[in-house]
Amino acid sequence: MGHGKVITITSGKGGVGKTTVTANLSTALAMAGYKVVAIDADIGLRNLDVVMGLENRIVYDLVDVVEGRCRLNQAMIKDKRLEGLSMIPAAQTRDKNAISPTDMVLVCDQLREEVDYIVIDSPAGIERGFQNALAPADQVIIVTNPEVSAVRDADRIIGMIEAEEKGPGKLIINRYKPDMVARGDMLSIEDIVDILHIDIIGIIPEDEKILISTNRGQPLVMQNGHAKETGVAIRNIANRVKGDEIPFIDLAVKDGFMSRLRGWVTS
Amino acid sequence: MNLEATSQLSIKGIRDGLLLTLAPQPSFDDAFANLSNEIQNQGDFLRNSRIAVDLGGRIVNTDQIGAMQEVFANNGIALWAILSHREATRSAARDLGLATRLPGSQMDLQGNGVREPVKTHDGEAAADELANAILINETVRSGRSLYFDGHVVIVGDVNPGAEIVADGNVIVWGKLSGLVHAGANGDESATVSALDLSPTQLRIANRITIAPPVDKKRVPVPETACIKDEQIVAEAWNR
Ligand SMILES: Nc1ncnc2c1ncn2[C@@H]1O[C@H](COP(=O)(O)OP(=O)(O)O)[C@@H](O)[C@H]1O
Ligand SMILES: [Mg+2]
């Protein structure tokens with residue numbers, strides 16, 4: 001088997017930022033010189049291609065690969081802006097059961113030979129297809145927002161991931177607003193870690209530039225100079241995925257929980 | 001593998017052997033005929049494996065499951081579990097001594113929390129003897145529901161959205177934030193203890209109480225809740 005590592009991005013609840021994270025993490029890893037393929041496993045709800053600005057170049061999709069209508073390489077859309085980055089789109093309308101977990105494992109095993117990282121954007125954990133994204137994973141990253149309901153759903157999904165022996169995974173807290181936390185109007189990082197008991201791999205602030213970059217089809221990390229804090233937060237996640245130890249300077253300090261966090265973020 | 005190609009079946013490796021999932025459309029009899037063929041064709045590929053079959057929403061009786069079990073057995077495959085969200089199907093499977101859920105999974109096939117009857121390591125025999133206790137060495141997460149007909153000791157947290165039901169006492173060596181029910185069969189002398197007792201709801205026998213909103217700055221102390229003068233009260237644990 002090849003050396004490529006499969007990272008699955010998932011969540012308990014939809015709309016928390018999985019697709020945003022997948023697009024930006026894949027881009028950041030490619031910018032660091034790795035060969036990366038992002039896979040949209042959210043069959044029927046495809047949108048990673050839009051966020052990555054590759055929609056108009058789709059010819060084949062994941063289901064075409066699985067059902068043998070094309071070779072794997074034909075479905076991999078190379079990003080012309082960035083050497084080393086490509087993506088495999090989800091099928092738009094077809095049957096959600098068209099793909100099985102075994103199919104995903106087989107596809108990823110082929111890709112492991114060719115790339116360093118395979119980043120899978122999955123449907124929310126309550127949806128069908130979650131198992132597909134989970135099956136090939138070497139590392140699961142759970143995205144949540146600092147909201148009670150999102151954290152509750154993340155907890156559920158962490159339990160399911162543990163039950164599949166893929167756990168416990170690592171956590172990204174997305175749309176974090178330090179000022180609201182300071183006022184006591186939002187769950188703090190400590191509150192979240194207190195419930196979920198898993199390592200945090202990144203904290204991404206609420207940033208309207210994410211929305212703007214999504215609409216432009218250009219992942220935020222690609223744009224130099226803009227959105228510094230958010231860009232750094234995402235690059236830090238890429239570096240932690242690579243295995244670097246990066247302290248949580250950016251937001252955690254403002255939060256005043258630095259010392260506590262250090263204790264949690266160990267691996 | 002050919003089993004996949006028919007697309008009426010999917011098969012994947014799980015902790016306890018293989019999980020075979022039948023596509024939702026074909027009737028049980030069609031799916032079974034197809035399955036029998038595939039198994040004969042696959043021959044030795046699946047021999048000596050343990051298999052769980054997910055029947056989805058089909059209502060299947062004991063005879064049908066028995067027939068399936070036989071086909072598997074003739075090919076050296078042990079059928080050990082049937083999964084379905086139909087209670088009728090599950091109960092037919094139980095009649096044949098088959099499991100109806102995968103260990104460690106916390107939801108039924110529609111994503112609803114399933115109350116797991118917790119068993120001791122010796123399995124059912126031990127669980128039948130009442131008044132014993134079980135040790136659960138992990139955090140019980142949201143969506144999970146555990147039931148035991150004795151005392152329950154949890155080393156870990158009970159998170160919001162999780163549920164513990166015991167006929168005896170419940171002791172949580174950690175933070176108890178979910179729902180807890182001690183003395184579930186009516187025993188008013190049952191107690192609930194935790195290092196940090198902040199359940200969303202606490203029940204003892206037929207009484208229910210809702211914990212007051214937690215003051216975040218409070219330093220938790222170990223507490224025990226019990227029924228006193230017809231009321232559930234919590235007291236600091238300091239013996
Ligand atoms: N950190 C953020 N700041 C502001 N908006 C965000 C952020 N992360 C995600 N969004 C927005 O939230 C919406 C949902 O994000 P998306 O990545 O599609 O979620 P999911 O894939 O989990 O359903 C999008 O409109 C996206 O632009
Ligand atoms: Mg998405």
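Visitor: How many residue pairs are in polar contact across the interface of chain B and chain A?
Guide: The rule finds 7 such residue pairs across the interface of chain B and chain A, both residues at pLDDT 80 or more, where a polar contact is a pair of N or O atoms within 3.5 Å; within protein, one atom must be able to donate a hydrogen and the other to accept it, and residues adjacent in sequence count only if both atoms are side-chain atoms. This is a predicted model, in which local features need pLDDT of at least 70 and side-chain atom pairs count only at pLDDT 80 or more, while totals for chains, interfaces and linings use all residues. Residues are numbered from 1 along each chain as its sequence is written, chains are lettered from A and ligands numbered from 1 in the order in which they are written, and side-chain values use heavy atoms, with hydrogens and water left out.

Visitor: And how many salt bridges are there between chain B and chain A?
Guide: The count is 2, a salt bridge being a side-chain nitrogen of Lys or Arg within 4 Å of a carboxyl oxygen of Asp or Glu. One of them joins the side chains of Arg141(B) and Glu162(A), at 3.3 Å from N to O.

Visitor: How much area do chain B and chain A bury between them?
Guide: About 1,700 Å², with 43% of it on carbon and sulfur atoms; buried area is the accessible area (1.4 Å probe) that two parts lose on being put together, summed over both. The contact (heavy atoms within 4.5 Å) takes 21 residues from chain B and 22 residues from chain A.

Visitor: Switching to ligand 1, which residues are closest?
Guide: Among the 15 residues that surround ligand 1, the closest are Gly15(A), Lys18(A), Thr19(A), Thr20(A) and Asn174(A), and a residue belongs to this set if one of its heavy atoms lies within 4 Å of the ligand.

Visitor: Last one: what is Ile246(A) in contact with?
Guide: Leaving aside neighbours within four places in sequence, Ile246(A) is in contact with Asn236(A), Asn239(A) and Arg240(A). Ile246(A) and Asn236(A) are 10 residues apart in sequence and 6.7 Å apart in space, C-alpha to C-alpha.
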